Amino acid sequence: MDSTGKITAILDALETQYHNEARPPELGHPEPLDGLILTVLSQNTNDINRDRAFSRLKSEFPTWPDVVSAGASRLEDAIRTAGLAHTKAARIITILGRIHDDFGEYSILKFSGHDPEYMRKYLRALPGVGAKTVACTLLFDFGIKAFPVDTHITRISHRSGISPLNAKPEDISAMLERVVPEARCLGGHVNMIAHGRAVCHSQKPECSSCVIAGLCDKNLS
Ligand code: SF4
């Protein structure tokens, strides 16, 4: 089986197991800037703490101009549960300022319709915005083809052999974006994360109950 066939077989098996085929309704935002800031908050923390921080931010400062008026110090207090609050608050204020300078408002809705490569480069140049944040924003909030790669997807890719052991998340993301059809990127992303959380743990993976064990280099070696 070639590499594309193996990736397709893995996505098929995970889809049968976890059933995420289409866009989960909770993942997108009417204003994509919300999704971008949420992903900035998600760095180096878990989903629960990220969501708590975002929820408190929104309840204390309902609009993005409110956040800018409040300033970095008050924002830092509001997002403390997400960790690295000082750094993240400073980045968020800078991002909001740059978005306002470039778009004339605290919104990136006008981005829709731009060339995806331009969007990718623009977002990547914002402070604290890495490849995964860009891919999440494109995929979830703009519905543009992207395959965000987190620690779970990196681990499964390395172990299964669909990427070399030294491949970085950004390389794996680019490879998956080349190989996986657009309609399968979101479901594939969500299913791989689900599998990393449920079965392919970083310590003691449960290979005996893994639905992709027959495709996995680590299990077969
Ligand atoms: S067989 Fe084991 S190492 Fe391979 S993907 Fe499944 S749980 Fe992970």
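Of the 14 residues around the ligand, those that come nearest are Cys 200, Cys 207, Cys 210, Cys 216 and Asn 219, a residue being near a molecule if its C-beta atom, placed from the backbone, lies within 6 Å of it. The model is predicted, so that local features need pLDDT of at least 70 and side-chain atom pairs count only at pLDDT 80 or more, while totals for chains, interfaces and linings use all residues. Residues are numbered from 1 along each chain as its sequence is written.

**Around the ligand**

- Two or more residues of the shell come from each of helix H9 (151–160) and helix H12 (217–220), where helices are DSSP runs of H or I with at least four residues, numbered from the N terminus.
- H9 provides the largest share of this shell, three residues.

**Helix H3**

- The 14 residues of helix H3 (residues 47–60) should span 20 Å at 1.5 Å a residue, and this agrees with its end C-alpha atoms being 20 Å apart; the expected span is 1.5 Å times one less than the number of residues.
- Arg 50, Ala 53, Phe 54 and Leu 57 are the buried residues of H3, buried meaning that 20 or more other C-beta atoms lie within 10 Å of a residue's own, and exposed that 12 or fewer do, with C-beta atoms placed from the backbone.
- The exposed residues Ile 48, Ser 55 and Ser 59 sit on the face of H3 turned away from its buried side.
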